[in-house]
Amino acid sequence: MTKSLSILIVMVLCCRVGDGFGQTYSSIDDIVQAYYKAVSIGEKESRMAAYEDIFIPSGTITSVKTSATKPSSVKTLSWGDLIRETAPFYSDFEINLIENEREVDYYLDIATAHTLVNQRSLQKSTGKTYSQFLWIDFDLVYFDDRWYISAINWIDQSSRQPIQNALLTDTLWHQSE
Amino acid sequence: MRRNFTLHLLFLAFLVGTAYSVHSQNAPLDSYDAFYLEPIEIKGNVERHFSDGARISTMIYDSTGNSQNITLTAKEYDEQLFMANADFIVTRTPEVLIYRAYEDLASVYSSVKIELVDRESGEAYSTYSVQSMKLVRKFDDWYITHLNIQNESPIDPLPAHLVQDKAAISASAAVEKENNDLATPKEGIPYDSAKVYHVRDVDEPPVYPGDVASYKNMLDQFQVTTIATPGYTPFIITIGEDGLASLSYVHDLSGFQISRAESFVRSMLIWYPGIKDAASVKCKIILYIHD
């Protein structure tokens, strides 16, 4: 009985960590991975709690949706508003983000993590999976001994060029004139 | 009181923004340049550079190195800049370090030199910050959607190669240039035997024995560079008064990188230590190791 109880406690603790809570977020990888986990949470209140754990209160998410025929659609929302707006989408789909590549710009207590991600959306009613590639750009700040997300900016892959182009760097030592 | 003043000053420094006349900006760096280079004069001009919902998040420090995170809306940022302009003549000199763009989203990582001159006393202050700016395109113009600002910490100044007047283009050039730049020592930093100095603040920086080529070969061998480069992670080594090098900051290195950085440091010869007021002092050097 005691052994079973111990195993149960260990399993509960493991699940807790796996959900992203209780993490120290002491590394950039911790906070980025926690975001991927938070996005995949289907239940709205749990997703809200997970976002609250990793964003600063005034954190924002900017989405840029490309189009072959129209100008891109650009929208910036607080993370709370985003969760409220996307609730209907989550009732129809399960979301999963798989990171393929990452680069980090870093100085002291700010960092930007640039990631190329495959977003897979499983439609619950049909079982169909939809896939799109994203450049997700994390603006991070470090205080109180941990990293927080101050903003996320993402764009989906257009039909005009591969998403890998997002990580090409250019114009080193550009000076304003 | 002193701490509050320092915080206030740094806060003003980060708030430095610019106004610009309304005209089309067709490339992200056009908007970037316009944002930084126009003088601050008219309330509301700065706000126009930002997209709806944009935020400005900044890390500021007091003289003891304690940090604070402050986030403002574009309107609040604009108002703070307007007030700063009333008291100070402000100039900013930005320098793009890393630029990325894909379709209608762009990311610019830069260092910015900020100079404030008190309009009454004429007293001048200057500091540096690292700024990570994100821009989005709407209706053929580019707007800032987020600005993350890291002000220079008094206890951990920006590495010399990240700022405009100390730019370097290669490992060997960085070593040579720092030696040249430091011919004129920075005033106002007193000798302290316990302090770990930045190379900018000593009379003579540490020098690696032998020729520049051998130093560069060692950097190459361990995939280390002196310049912030995509795919590389920063770490700090300290050169002691005795010339021995040690790892002092490996904040976000992986276990493999730490192991490689340790081998790198162990393979070093004994340096000629940094000199301050005719005495050997500890000096730190920021380097970058391949991921």
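**Note on the predicted two-chain model**

1. The contact between the two chains draws 43 residues from chain A and 45 residues from chain B. On the side of chain A that touches chain B, the elements giving two or more residues are strand 1 (55–65), strand 2 (73–78), strand 3 (93–107), strand 4 (110–123), strand 5 (129–143), strand 6 (146–156) and strand 7 (174–175) of chain A. By residue class, this side of chain A divides into 19 nonpolar, 18 polar and 6 charged residues. The model is a predicted one, and what follows should be read with that in mind.

2. As to overall architecture, chain A holds 5 helices and 7 strands, and their order along the sequence follows the pattern α-α-α-β-β-α-α-β-β-β-β-β. Of the 177 residues in chain A, 32% are buried. When the contacts of chain A with a separation of 6 or more are considered, 50% of them are accounted for by residues 24 or more positions apart.

3. Helix 3 (residues 44–54) of chain A has A:R47, A:A50, A:Y51 and A:I54 as its buried residues. These lie on the same side of helix 3 of chain A, because the arc they cover around the axis is only 100 degrees. The cover over the buried residues of this helix includes helix 2 (28–40), strand 1, helix 4 (79–85) and strand 6 of chain A.

4. Is A:W79 buried or exposed? A:W79 has 23 other C-beta atoms within 10 Å and is therefore buried, the cut-off being 20 or more. If neighbours within four places in sequence are left aside, A:W79 is in contact with A:Y51, A:F55, A:G59 and A:I61.

5. A:D144, in the loop between strand 5 and strand 6 of chain A, has a positive phi near 50 degrees. B:E103, in the loop between strand 3 (88–102) and strand 4 (105–118) of chain B, likewise has a positive phi, near 50 degrees. As for their surroundings, A:D144 counts as exposed because it has 9 C-beta neighbours inside 10 Å, whereas B:E103 has 20 other C-beta atoms within 10 Å and so is buried.

6. In chain B, the buried residues of helix 2 (residues 28–37) are B:P28, B:S31, B:Y32, B:D33, B:F35 and B:Y36. Against which strands do the buried residues of helix 2 of chain B pack? They pack against strand 3, strand 4, strand 5 (124–138) and strand 6 (141–151) of chain B.

7. Further along chain B, strand 9 (residues 232–239) and strand 10 (residues 245–249) run antiparallel and are joined by 4 bridges. Within this pairing, B:I236 has B:Y249, in strand 10 of chain B, as its bridge partner. The hairpin formed by strand 9 and strand 10 of chain B has 5 residues between the strands, and in this hairpin B:G243 takes a positive phi near 85 degrees.

Definitions and conventions:
Residues are numbered from 1 along each chain as its sequence is written. Chains are lettered from A and ligands numbered from 1 in the order in which they are written. This is a predicted model: local features need pLDDT of at least 70, side-chain atom pairs count only at pLDDT 80 or more; totals for chains, interfaces and linings use all residues. A residue is buried if 20 or more other C-beta atoms lie within 10 Å of its own, exposed if 12 or fewer, and partly exposed in between; C-beta atoms are placed from the backbone. Two residues are in contact if their C-beta atoms, placed from the backbone, lie within 7 Å. Ala, Val, Leu, Ile, Met, Phe, Trp, Tyr, Cys and Pro count as nonpolar, Asp, Glu, Lys and Arg as charged, and the others, Gly among them, as polar. Two strands pair if DSSP finds at least two bridges between them. The arc is that of the directions from the helix axis to the C-beta atoms.
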